[in-house]
Amino acid sequence: MPLRAAVMLLAGAASLPATAQQAARGDALVDLVNPLMGTDSSYALSNGNTYPAVAVPWGMNFWTPVTGKPGSGWGYMYDDNKINGIKQTHQPSPWMNDYAAFALMAETGPLRIREAERASWYSHKAEESHPYSYRVYLADYDVTAEVAPTARAAQFRFTFPKADDAHIVLDAFEGGSNITIDRARRRISGWVRNNHGGVPANFRNYFVAEFDHDFTIIRTWDDNWQLTGAATREGGHVGAVVSFATHAGERVQVKVASSFISPEQAERNLASEIGGDSFEQTRAKAKAAWEAELGRVRVTDPSVDNRRTFYSALYRMLLFPRMFHEIDDQGRQVHYSPYDGQVHSGPLYTDNGFWDTWRAVFPWFVLMYPERDAEILQGLVNTYKEGGWLPEWASPGYRDVMIGSNSANLIADAYLNGVRGFDIETLYAAMVKNATTSQDRPKDAEGNVVRAVGREGAELYNQLGYVPYDVGINENAARTLEYATADFSLSRLAATLGKQADARLYAERAQNYRKLYDPESGWMRGRNKDGSWATPFNPYKWGDAFTEGNALHYSWSVMQDVQGLIDLMGGDAKFVDRLDSVFATPPIFDDSYYGQVIHEIREMQIVDMGQYAHGNQPIQHMIYLYDWAGAPWKAQFHARDTMRRLYAATPDGYPGDEDNGQTSAWYVFSALGFYPVTPTVGQYAIGSPLFRSVKLTMPGGKVLTIEAANNSAENIYIQSATLNGRAYTKPWLSRADLQAGGTLRFVMGPVPNKDWGARKMDAPFSMRAPR
């Protein structure tokens, strides 16, 4: 194999947190996780664009080693050779960048405070990365650095050599910071502001770091990197250094906590989440937290590699959205609001792009975590009350990124599938507001309207049934298709809430996708305000009328009415041919809208799957549409082929941006053998189960066992199925059946059974009935 491939294979194996022998013995599931999966990424090409997040599930703070320039977005890149710190991070994506971050770094010898100068060589061979802890050897200083997390705090442990000049640096980063060293109490405290938007003027992350050693020397630096013995600094970029004399093997421990509410709350978080715990106790608690969640899905299969990939993906699914609320002195949930700058009672979650996660992450929460989902949705209620709009991309407040009105899908999907414990009437009013007006939306710090909030072009969409191509609204066809799906969700929720007039109105608008279907080309297409088609039309042109894709990708975004789309395309046979053509067409592209080959284009081009751009979200459900057209065996082939070719628990293990758990969620659902396509209806289209046996502990404690007899890399086709001993012939499963527990059994084989699941009467839900 090529040298690069050989090096990556060896380095990837070295970095895995569990050996094959450990996995075969059935050790903790969390030790199958490789947090370095997806970290071999860059601006030009994403293999995940992840970083090794040391955290507890849904934790308010994550921690990660930093190899890149702080503030660049690409904080940890697998091929880098040096580490310049371990930071508290809230970054959901390099494209969103970080906020409220600060870092700790250990050194010996002459003091170095600038990031590039203090960076130490390290090796993946001397790095241990787990969800619950991280350990690395800083070769230039002969120091081993470790961190273990809680939801809002962490413990560090630095093992020093014999040194008269051992140092720990706390870098508060560029973007506004304050720092104070309290020598008597062995503490560093302060606040940081660094962010890239979406925060009020009074935004602060207050922190406190408590050391178990006395300081021999204290120093702080100012905006010009000038060090003095001053105990307090405030400026654009300040920091602190505390020094010690250490003997060989001496450990210096630091307990750190933070709060978005106040310094007092940061102290409270430190006391309540760490208190007198040792480093090992904190590590063990974090490990137990992960094991409890991962243990709800127990996989039995001879392929250790597939199990590693599965649990690494499941770990990513359970990181976001992160809690933004804290616990006050009365034990109540309280949160600082990034929407109005005030402190309120109740939960709040953030760092999520619904354009990505409504598709599979939130359906996973509905299926497996309805109580957590209810709390997240009550957090959306609080967002709407505090900011006046639902957030389509929050980090931590409103951000002007992506398109659509996809909050409607995850809200309605939850309520119609039995999730309760949140104020649905308030959220319904928020959904209607999104669908009614684009006026009075929030503005950013420069006074610009945050166009990702609500529906850009809502009035035109409601008047014409589509967002026109020629009115200065970019990505208009994609917006139209996404609004129509959101209208479907709105109509279903309205009917359930007894709002029949609304239900009829939004059901009619859910058919607006038809206005963009061009029968001549057979693809969705931008349309001008006068009704004419936008010209010239190139179905391979990325962007323009579409979002991070082309017509071949977005033409399948009719999740609410797949049968209606089949009818438009000329029936089942032509629909299947059109699906096949996506894989068969070479990966040609037109990048003129962007003026460069964006990474999403390159990720489609290089994997030899034609126009199928699995690395981005708009087309990820397409494989499962074969189930509607009498060809579920083709869904089985492509689902298994995509899992095999595009995913691995290695640094290059994702096919594009991981995106807050969504690309991971595709894998997790698909590996189980089914996938959510249509919001609100509680159905999952069947693909090809990856494992011999899986046991899922459902809400309430019932256990669903999924068996796949004869399953192997060759036996990918379903020959027959039973549910609780009865023959099962539908190419979809219901949420109710899955949550009821029991046994779902597939018999697999090497050639398709083209009869199984192919009856038209058994197709999944569509607004239009099958013909």
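Reader: Which domains does the lining of the largest pocket draw at least three residues from?
Author: Happy to start there, keeping in mind that this is a predicted model. The largest pocket has a volume of about 520 Å³. Of the 23 residues that line this pocket, Trp 95, Glu 548, His 599, Glu 600 and Asp 657 are the closest to its centre. At least three lining residues come from each of two domains: domain 1 (33–296) and domain 2 (347–503).

Reader: Which helices each supply at least two residues of that lining?
Author: The lining of the largest pocket divides into eleven nonpolar, six polar and six charged residues. Two or more of its residues come from each of these helices: H7 (354–357) and H18 (599–605).

Reader: Nice. How far apart are the end C-alpha atoms of residues 265–750?
Author: That range comes from UniProt, where an unreviewed entry lists residues 265–750 as "domain: Glycosyl hydrolase family". Over this stretch the chain is 40% helix and 13% strand. Its end C-alpha atoms are separated by 59 Å.

Reader: Let's turn to charges. Are Arg 525 and Asp 518 buried or exposed?
Author: Good pair to pick: Arg 525 forms a salt bridge with Asp 518, with the closest N and O atoms 3.0 Å apart. Buried means under 20% relative accessible area. Arg 525 has 10% and Asp 518 has 3%, so each of the two counts as buried.

Reader: Which strands hold Arg 745 and Glu 707?
Author: These two residues form a salt bridge as well, the closest N and O atoms being 3.5 Å apart. Arg 745 is partly exposed at 36% relative accessible area, and Glu 707 is partly exposed at 29%. The pair is 38 residues apart and links distant parts of the chain: Arg 745 is in strand S36, Glu 707 in strand S32 (residues 703–709).

Reader: Which residues do salt bridges that share partners join into one network?
Author: Side chains of opposite charge can pair when their charged atoms come close. A search of the whole structure finds 29 salt bridges. Through shared partners, one network joins Arg 135, Glu 146, Arg 157 and Glu 280.

Methods. Residues numbered from 1 in each chain as written. Predicted model: local features only at pLDDT ≥ 70, side-chain atom pairs only at ≥ 80, totals over all residues. Heavy atoms only, no water. 1 Å grid on protein atoms, 1.4 Å probe; cavity = no way out; pocket = protein on both sides within 12 Å on 5 of 7 lines; lining within 4 Å. Points joined across faces, edges and corners; volume = space filled by probe spheres on them. Helix = DSSP H or I, 4+ residues; strand = E, 2+ residues; numbered from the N terminus. Nonpolar A, V, L, I, M, F, W, Y, C, P; charged D, E, K, R; others polar. Domains from an automatic or database assignment. UniProt positions renumbered as here; feature names shortened; annotations may be inferred. Salt bridge = Lys/Arg side-chain N within 4 Å of Asp/Glu carboxyl O. Buried < 20%, exposed > 50% of the residue type's maximum accessible area, 1.4 Å probe, protein only.
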